[in-house]
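Please keep the sequence and the model in view while reading.

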Amino acid sequence: MNQPRIKHRPLHLMSFGKRDLRTQFGAICWRLREGEVEMMLVTSRGTGRWIIPKGWPLRGTTAARAAANEAWEEAGVTGVIHPISLGIYSYEKVGGRRRKQPVVVAVFALHVTQVAEKWPEMRRRTRRWVSQAEAAELVEEPELKHLLETFVPPEAVHAE
């Protein structure tokens, strides 16, 4: 079984200490269209930049389930979540009084099977299906770009 080669990149904590670090869980929401991978991106609430659905841990649930929940709330998609993280990326979250906080996001693959017409954050975000290459081009975070560029659907990785 051939595993895709993943090039590890250093996390960027800037001037923050490791105790300042917070964790979120995110989902690469994907589907196959005419044999090609498409990914759904959403806009962030604050800056309107393109991101994957992501959010804070949920008490009493797994990281993968939390990522799937964020995909539903932010993008209105549901499907099959892969339980093993694809990797992580880091970014700086801007909070109250423009205070920045380093965040690490563990990313999971969500094979989208349903797209809702109405979803919880539909008035706060825009969602868009794009090609895998366009998804990598639209996001700003270097490690997330790498995860999107090198993404291989988990079913294909584990098929024999």
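## A residue in helix α2

L138 lies in helix α2, where helices (H or I, at least four residues) and strands (E, at least two) are DSSP runs numbered from the N terminus. With a relative accessibility of 25%, L138 counts as partly exposed; buried means under 20% relative accessible area, exposed over 50%, and partly exposed in between, with a 1.4 Å probe and protein chains only. L138 and R49 are 89 residues apart in sequence, yet their C-alpha atoms are 8.2 Å apart in space. When neighbours within four places in sequence are left aside, L138 is in contact with L41, W50, R128 and V130, contact being heavy atoms within 4.5 Å.

## Basis of the model

The model is predicted: local features need pLDDT of at least 70, side-chain atom pairs count only at pLDDT 80 or more, and totals for chains, interfaces and linings use all residues. Residues are numbered from 1 along each chain as its sequence is written, and side-chain values use heavy atoms, with hydrogens and water left out.

## The chain as a whole

The protein chain has four helices and eight strands. From the N terminus on, these elements run β-β-β-β-α-β-β-β-β-α-α-α. Of the 160 residues of the chain, 42% count as buried. Among contacts with a separation of 6 or more, 71% are between residues 24 or more positions apart.

## Strand β1 and its partners

Strand β1 (22-33) pairs with several other strands, where two strands pair if DSSP finds at least two bridges between them. β1 and β7 run parallel and are joined by nine bridges; in β7, A106 is the bridge partner of F25. β1 and β2 run antiparallel, with five bridges between them, and L32 has V37 as its bridge partner in β2. β1 and β4 also pair in the antiparallel sense, over two bridges, with K54 in β4 the bridge partner of G26.

The hairpin of β1 and β2 has two residues between the strands. E34 is found in this loop between β1 and β2. E34 has a positive phi of about 55° although it is not a glycine. Most residues other than glycine have a negative phi. E34 is also exposed, with a relative accessible area of 83%.

A27 is found in strand β1 and, at 0% relative accessibility, counts as buried. Leaving aside neighbours within four places in sequence, the contacts of A27 are I52, P53, A67, A71, F108 and L110. A27 and A64 are 37 residues apart in sequence and 8.2 Å apart in space, C-alpha to C-alpha.

Helix α1 covers residues 63-75, and at 1.5 Å a residue its 13 residues should span 18 Å; the expected span is 1.5 Å times one less than the number of residues. The end C-alpha atoms of α1 are 18 Å apart, which agrees. The buried residues of α1 are A64, A66, A67, A68, E70, A71, E74 and A75. What covers them includes β1, β2 (36-43), β4 (54-55), β5 (77-81), β7 (100-115) and β8 (127-131). After α1 comes G76, whose phi is positive, near 70°.

In helix α3 (residues 142-149), the buried residues are E143, L144, H146, L147 and L148. They pack against β1, β2, β6, β7 and α2 (132-138).

## The largest pocket

Which residues lie nearest the centre of the largest pocket? They are S44, R45, G46, R49 and K93, among the 20 residues that line this pocket. The elements that give two or more residues to the lining are β4, α1 and β6 (87-94), and β6 gives the most, with four residues. A pocket is defined on a 1 Å grid over the protein atoms alone, as an open set of points where a 1.4 Å probe fits, with protein on both sides within 12 Å along at least five of seven lines; lining residues have an atom within 4 Å of a point.

About 500 Å³ of space lies in the largest pocket, the volume being the space filled by probe spheres set on the points, which are joined across faces, edges and corners. The lining divides into four nonpolar, five polar and 11 charged residues. Here Ala, Val, Leu, Ile, Met, Phe, Trp, Tyr, Cys and Pro count as nonpolar, Asp, Glu, Lys and Arg as charged, and the others, Gly among them, as polar.
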